[in-house]
Amino acid sequence: MSDTTFYVTTPIYYVNAEPHLGTAYTTIAADAIARYRRMTGHDVMFLTGLDEHGQKIAQAAEENGMEPQAWVDAVAPKFKDAWAMLGISNDDFIRTTEERHKRGVQAFWQELHDRGEIYQGSYEGWYCVPDETYWAEDDLAEGMCPQCGRAVEFVREDNWFFRLSAYQDRLLEFYDAREAEGRPFVQPETRRNEVMSFVKGGLRDLSISRTTFSWGVPLPFAPEHVTYVWIDALLNYITALGYGSDDHEKFDRFWPADYHFVGKDIIRFHCVIWPAMLMAAGIEPPQSVFAHGFLLTKGEKMSKSKGNAQTPASLVERFGVDAYRYYFLRDVQFGHDGSISLESMVQRYNGDLANDWGNLVSRLLNMTEKYLGGITPEPSSTDCETDADCTLRSLAGFLPEKYEAAMQRLDYCAALEAAWDVIKDANRYIENEAPWNLEKAGETARLETVLYNALEAVRIAALFTAPVMPNTSAEVWRRLGLGDISAVTDVVAEATWGRLPAGLTVTKGDALFPRIYEEA
Ligand code: MSP
């Protein structure tokens with residue numbers, strides 16, 4: 001991250017199928033960090049998009065009796081709609097069939113050609129169409145794709161090759177240098193070790209064009225070749241910024257990317273081939289690639305080919321969009337595989353959201369209305385009056401720092417836990433301070449202090465839950481009579497204790513997270 005800009009990307013998704021929980025997972029994680037960085041005042045570029053070329057997409061189109069372009073045009077809106085439904089705040093959406101992308105890919109080709117980084121040869125070996133990956137004979141697992149276990153096909157083609165083998169030492173030096181700078185290129189560490197040992201094992205030159213079908217970007221100097229789909233796809237991260245066009249203001253501003261978010265199955269492309277390609281073209285590689293794990297249902301990777309993929313829509317309908325986003329980021333440690341189930345989703349929903357967060361907000365607003373006529377009170381004293389006041393204030397006071405530290409590690413669980421420390425303590429605080437007794441005893445000054453403190457904790461908690469649950473936080477701020485939370489660009493200053501003004505009119509409302517009674 002530079003001081004002022006922040007560029008995060010998701011993989012661009014294949015348009016052979018509709019978005020599912022797995023692809024939504026990466027996109028939500030990227031959205032949460034993008035939203036948070038906007039709140040820390042960064043100039044954010046959040047990119048997602050679609051991978052629309054290659055043999056697999058051409059085949060999907062054919063199976064559906066459509067021309068490839070018509071097919072990708074029909075599927076693309078499903079992704080856009082799904083991301084809109086999930087509240088994804090991407091700044092751009094790139095499709096690899098767009099002119100701006102094709103132009104960038106061709107410019108890149110020309111650059112590599114001019115620099116003598118590619119050569120003509122012939123490829124003979126295996127190819128997995130679902131993964132769009134080349135495999136050598138001894139890579140195969142009992143004759144099948146070692147990655148996905150599906151059938152591979154034999155390919156013999158005259159192709160263009162990239163001298164990847166020449167980058168082994170440069171890549172190893174690069175990983176070490178980034179590590180020494182304290183900003184490892186591959187995260188988390190398990191993936192770094194995997195990438196390093198792969199590179200140490202030696203690299204083969206890579207076939208980067210195909211000639212047996214035409215659904216791709218033609219090479220500018222050999223138009224009978226189309227770009228190998230992975231090369232085409234990786235370049236989206238720079239073509240979206242204007243690489244290869246006359247307008248490279250965004251490229252100059254945002255490149256190198258801060259993070260590419262990817263699933264652990266595509267790290268070789270992102271951590272080996274991609275930085276080598278960029279080095280070959282004289283472009284600085286990105287800051288970091290963060291590889292998350294797989295979502296597992298009943299112990300298996302969830303995927304369309306296994307027939308256990310779900311669409312986000314059914315869950316969003318049942319739990320609401322914010323609860324959906326919360327569940328995946330809170331229950332699955334980013335970077336690890338995580339089992340997901342309806343049972344655990346219901347539990348998180350009822351426990352964390354309905355009981356802790358939703359209940360806190362509604363009790364507090366009810367009491368403010370009942371005891372104070374719905375008007376936020378004056379903070380009666382700038383110091384805390386009791387130990388309980390101090391505890392609540394100090395938990396809220398440490399939240400920005402704890403949250404930032406967690407987000408720097410992309411540890412969404414820890415970030416949310418820090419927010420929950422405040423939420424839970426605010427619940428405890430109300431229970432112990434019992435405003436209803438203060439009211440009965442006529443202790444108005446203390447009653448006002450207690451309600452002010454609890455309302456202030458809610459205001460601050462809403463700030464830090466906003467990157468994950470933007471709609472709920474906006475609603476909480478609205479009910480508190482505050483302004484538009486999405487306009488916050490200095491979350492640390494905004495989180496200063498005592499910023500809740502006196503005299504605001506609060507509004508009660510429906511339960512933010514109505515309890516779900518049936519178990520799964
Ligand atoms: N098109 C390529 C990416 C090109 S990026 C330059 C691709 N697309 S994909 O649609 O197949 O997958 C995109 C991402 O979704 C991958 O990172 C993959 O790991 C992720 N997921 C697919 N299924 C998943 C789970 N079950 N769990 C978590 N993420 C998974 O690969």
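Predicted model: local features only at pLDDT ≥ 70, side-chain atom pairs only at ≥ 80, totals over all residues.

Author: Glutamate 132 has a relative accessibility of 0%, so it counts as buried. You'll find glutamate 132 in the loop between β4 (118–128) and β5 (133–135). Most residues other than glycine have a negative phi, and most peptide bonds are trans.

On to the rings around that stretch of sequence. Tyrosine 127 and tyrosine 134 are both buried. The structure holds 37 aromatic pairs, and these two tyrosines make one of them: their ring centres are 4.9 Å apart and their planes sit at 70 degrees, so the pair is edge-to-face.

Tryptophan 255 and tryptophan 274 pair up too, with ring centres 6.2 Å apart and planes at 75 degrees, so this pair is edge-to-face. Tryptophan 255 lies in the loop between α9 (249–254) and β12 (259–263), while tryptophan 274 belongs to helix α10 (residues 267–280), so the pair ties together parts that are 19 residues apart in sequence. Tryptophan 255 is buried, with a relative accessible area of 9%, and tryptophan 274 is buried as well, at 0% relative accessibility. Both tryptophans belong to one aromatic cluster, whose members include Tyr7, Phe108, Tyr237 and Phe254.

Phe254 also turns up among the contacts of threonine 5, along with His42, Asp43, Arg253 and Asp258, leaving out residues up to four places away in sequence. Threonine 5 lies in strand β1 (residues 5–14) and is buried, at 10% relative accessibility.

The peptide bond from tryptophan 255 to proline 256 is cis, with omega near 0 degrees, and proline 256 is found in the loop between α9 and β12. A cis bond also runs from glutamine 187 to proline 188, with omega near -5 degrees. Proline 188 has its place in the loop between β7 (186–187) and α6 (189–200).

What about positive phi elsewhere? Leucine 410 has a positive phi of about 55 degrees although it is not a glycine. It sits in the loop between α14 and α15 (412–433), and leucine 410 is buried, with a relative accessible area of 0%.

That brings us to α14 itself. Helix α14 (residues 387–408) packs with α1 at an angle of about 135 degrees, and their axes are 12 Å apart. The two helices are therefore oblique to each other, and their crossing is left-handed. From α1, Ala32, Ile33, Tyr36 and Arg37 meet Pro400, Tyr403, Glu404, Met407 and Gln408 in α14.

Arginine 38 is also found in helix α1 (residues 21–39). At 23% relative accessibility, arginine 38 counts as partly exposed. Leaving aside neighbours within four places in sequence, arginine 38 is in contact with Val44, Phe46, Ser89, Asp91, Val488 and Thr489.

Two other arginines go with rings: arginine 170 lies over the face of tyrosine 167, at 4.0 Å from the ring centre, and the charged end of arginine 183 sits over the ring of tyrosine 259, 4.7 Å from its centre.

Notes. Residues numbered from 1 in each chain as written. Heavy atoms only, no water. Phe/Tyr/Trp six-rings, centres within 6.5 Å; stacked < 30°, edge-to-face > 60°. Buried < 20%, exposed > 50% of the residue type's maximum accessible area, 1.4 Å probe, protein only. Helix = DSSP H or I, 4+ residues; strand = E, 2+ residues; numbered from the N terminus. Lys NZ or Arg CZ within 6 Å of the ring centre and 35° of its normal. Contact = heavy atoms within 4.5 Å. Axes fitted to C-alpha atoms, helices over the stretch in contact; angles between N-to-C directions. Parallel < 35°, antiparallel > 145°, perpendicular 65-115°, else oblique. Left-handed = near helix turned anticlockwise from the far one by under 90°.
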